There are 2 protein chains.
Amino acid sequence: MALVVQKFGGSSVADPDRIRHVAKLVTREYDRGNQVVVVVSAMGKTTDKLLELAHQITDNPDPREIDMLISTGEQISIAMLAIAIQSMGYPAKSFTGPQVGIITDNAHRKAKIVHINDEKIRAELEKGRIVIVAGFQGMTMDNEITTLGRGGSDTTAVALAAALKADVCDIYTDVDGVYTADPRIVPNARKLERISYDEMLELASLGAKVLHSRSVEFAKNYNVPIHVRSSFVDVPGTMVVKEVKEMEDIVVSGVAYNRNEAKISILGVPDRPGIAAEVFGALGAKNIVVDMIIQNVGANGLNDISFTVSKEDLAQALEVAREVAQRIGAKDVVSDSKIAKVSVVGVGMKSHANVAGTMFRALAKNGINIEMISTSEIKISCVIREEDVDKAVQAIHEEFELSEAKNA
Amino acid sequence: MALVVQKFGGSSVADPDRIRHVAKLVTREYDRGNQVVVVVSAMGKTTDKLLELAHQITDNPDPREIDMLISTGEQISIAMLAIAIQSMGYPAKSFTGPQVGIITDNAHRKAKIVHINDEKIRAELEKGRIVIVAGFQGMTMDNEITTLGRGGSDTTAVALAAALKADVCDIYTDVDGVYTADPRIVPNARKLERISYDEMLELASLGAKVLHSRSVEFAKNYNVPIHVRSSFVDVPGTMVVKEVKEMEDIVVSGVAYNRNEAKISILGVPDRPGIAAEVFGALGAKNIVVDMIIQNVGANGLNDISFTVSKEDLAQALEVAREVAQRIGAKDVVSDSKIAKVSVVGVGMKSHANVAGTMFRALAKNGINIEMISTSEIKISCVIREEDVDKAVQAIHEEFELSEAKNA
């Protein structure tokens with residue numbers, strides 16, 4: 001008998017019909033003789049609608065009261081799912097985050113889970129019940145209701161799986177796994193049988209929307225095997241697991257892209273210590289996340305500093321950059337929102353040379369210009385023109401022969 | 001400094017604009033230097049919509065899961081009201097029933113409050129905060145969410161007022177008090193300055209929809225003064241209070257009516273012991289509430305038994321009555337849904353004779369036939385034709401000179 005944690009997102013429980021479908025996936029697992037804990041998000045667009053309601057009162061609602069408000073969304077889902085499962089003749093019981101002892105810190109709207117009291121759930125599982133838990137929510141030590149921020153239900157599922165030492169955490173989604181590239185761009189992209197936490201983290205932060213990074217980090221820390229799988233088709237998905245020796249034989253696991261970046265360049269920056277700290281300190285103070293940074297030493301002692309931010313932050317980042325540029329005596333600030341980023345990810349890079357060369361060759365062969373480069377231990381990213389994205393992803397996928405399964 | 005509990009129903013918080021209006025009524029009380037605890041119901045038709053959602057899954061949802069589902073309605077209201085009050089610059093904090101320690105029994109969907117842990121609320125009031133509490137909901141000793149059934153938010157408000165020894169429990173509603181008769185029927189009906197719990201109970205069960213009987217019973221048991229008042233006009237309403245000596249000078253406080261009754265007569269019933277028990281036992285077994293009962297001893301040892309039920313229960317009650325009639329050998333069963341009940345209520349009846357006579361005279365003078373009579377210590381009710389209701393209420397109101405204030 002295995003203990004399985006299943007997680008279903010908002011679109012999977014958007015209406016009574018879909019909830020009935022989820023009830024079937026849950027009871028199928030239960031019928032296999034397993035203990036089942038289910039985590040659900042709020043139905044469809046419920047959270048957005050509740051936020052909209054609050055914003056009809058004020059633009060700056062108290063985060064504590066917003067948590068009180070939006071945590072109702074998941075509470076509705078769990079009751080509905082329990083009713084659906086019971087109507088099929090199975091024993092089920094729903095619980096809010098606070099009821100099952102999901103204890104968080106006090107940071108409303110972005111709380112972190114600090115402890116899970118697993119007794120309640122264990123007792124219910126012992127009684128043969130399917131346990132349904134509201135995702136996204138928890139309670140502080142002072143009995144205050146909190147929410148976990150974006151991707152919170154994934155985190156709830158992984159945290160429960162860790163606390164209960166579950167055999168697997170099934171994340172049901174509208175894709176059937178993690179692919180070597182976006183199948184809409186690369187028709188012969190291959191579904192990965194398994195992938196390491198670190199690779200998944202790189203892919204998640206690179207724009208693959210399957211799993212939220214926080215939940216992957218949590219899974220990595222507690223070594224929880226995640227199974228990314230489809231709510232619609234009953235086929236094996238992708239296992240996200242701890243890195244093992246054999247994974248290093250696979251140099252590149254996948255190609256990712258992100259069209260949601262923009263580039264800002266500060267030109268003619270005086271070359272003296274502390275300049276970079278001043279630029280990026282000012283951006284950080286405004287909570288603007290900077291992705292890639294390059295600095296070229298130019299002629300006559302002047303530098304150019306370029307960096308990328310997400311498109312939503314461009315306007316504010318430009319304002320900050322112009323302010324700083326004036327203060328430090330830079331010559332000009334220019335921006336470019338027609339860029340995109342393509343990346344290759346793979347743990348095998350650690351032990352294989354010339355991955356970068358292969359990637360650059362693929363781009364060069366197709367006449368694609370590289371504007372910026374950044375690397376990590378298991379990732380290489382290039383900024384290119386936005387209109388070249390599809391061609392670039394296809395070329396890289398082809399060059400690394402990713403459609404052919406290696407010894408995985 | 002007084003401690004005031006205020007209660008606002010679903011129509012008072014139906015949308016953000018109305019919630020803003022409620023916020024003004026709350027802060028007005030706070031500005032008077034009082035400690036304020038506010039109880040609110042779910043916004044508008046929220047509860048009905050949630051029930052409808054559950055019924056899209058099954059006709060027989062588990063009451064525990066329904067409580068999990070519908071208790072979200074009040075949680076949304078309290079957060080919205082807190083946000084509205086805070087946006088006006090006042091300190092406010094919302095709490096669910098479980099969070100403030102409203103402990104109930106285990107009877108889901110009709111739970112009874114068994115204990116209130118008032119520490120949390122007192123601590124918040126001491127900090128100068130306006131405390132907003134979700135009506136209608138509580139928690140069992142096992143941490144299970146419960147709801148209190150129809151009129152539950154009134155009960156929450158009165159119970160909190162009792163636990164906190166509040167100076168008054170203000171029930172805000174869409175009428176500005178309790179009148180000697182329905183002002184739509186009797187234009188010169190007079191607003192009562194005060195009324196006893198027992199009179200209010202009789203009026204409540206007679207169809208005056210201002211307060212739910214359970215909350216009045218609770219107020220009576222714990223001697224909580226209730227102030228029934230308008231959300232729209234700032235004038236004194238009606239105080240519902242403990243009976244005092246002077247009230248007995250007022251023979252009749254008000255005239256009530258109820259058009260929602262129907263009469264069933266079982267004719268030619270053999271006169272032997274146990275027949276009444278058989279008839280009303282069978283109705284009770286089907287959860288049909290019988291209001292008035294009369295039995296006439298007829299000629300040749302046969303009786304006629306007549307009783308009234310609410311119109312919704314008529315069809316089912318008729319079925320039961322026919323079944324029993326056949327079993328006991330009665331001659332016939334007839335029904336009449338074109339009836340209504342008019343009643344006079346007043347604690348002074350206990351010490352004044354001939355109230356019944358005055359009432360019957362008023363009806364007789366206007367050619368209104370009395371079909372059934374029932375009395376209690378502080379009430380006399382007559383069943384009449386439905387079309388005579390307005391005339392009857394006006395005639396009785398006139399006969400007892402209720403538009404003129406006596407020494408109240």
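The structure is a predicted model, in which local features need pLDDT of at least 70, side-chain atom pairs count only at pLDDT 80 or more, and totals for chains, interfaces and linings use all residues. Residues are numbered from 1 along each chain as its sequence is written, while chains are lettered from A and ligands numbered from 1 in the order in which they are written.

**Confidence**

- Chain A has an average pLDDT of 92, and 98% of its residues score at least 70; pLDDT is the predictor's confidence in each residue, from 0 to 100.
- For the complex, the predictor gives an ipTM of 0.85 and a pTM of 0.85.

**Where the chains meet**

- Contacts (C-beta atoms, placed from the backbone, within 7 Å) link 26 residues of chain A with 26 residues of chain B.
- On the chain A side, helix 1 (16–31), helix 2 (46–55) and helix 3 (63–87) are the elements that give two or more residues. Helices (H or I, at least four residues) and strands (E, at least two) are DSSP runs numbered from the N terminus.
- Helix 3 of chain A gives the most to this side, with 14 residues.
- The chain A side has 15 nonpolar, 9 polar and 2 charged residues. Here Ala, Val, Leu, Ile, Met, Phe, Trp, Tyr, Cys and Pro count as nonpolar, Asp, Glu, Lys and Arg as charged, and the others, Gly among them, as polar.

**The sheet of chain A**

- An open sheet of 8 strands runs in the order 3-6-2-1-9-11-12-10 in chain A, with mixed pairing; two strands pair if DSSP finds at least two bridges between them.
- Strand 3 (92–95) and strand 10 (194–196) of chain A each have a single partner strand, so one side of each is left without a neighbour in the sheet.
- Strand 10 of chain A pairs with strand 12 (residues 238–241) of chain A in the parallel sense over 3 bridges, and A:Ile195 stands opposite A:Val240 in strand 12.

**Two loop residues of chain B**

- B:Phe136 lies in the loop between strand 6 (130–134) and strand 7 (137–139) of chain B, and has a positive phi of about 75 degrees although it is not a glycine.
- B:Phe136 is buried, with 30 other C-beta atoms within 10 Å; the buried class needs 20 or more, exposed means 12 or fewer, and partly exposed is in between, with C-beta atoms placed from the backbone.
- B:Asn143, in the loop between strand 7 and strand 8 (145–147) of chain B, also has a positive phi of about 75 degrees without being a glycine.
- B:Asn143 counts as partly exposed, with 14 C-beta neighbours inside 10 Å.

Technical notes:
Two residues are in contact if their C-beta atoms, placed from the backbone, lie within 7 Å.
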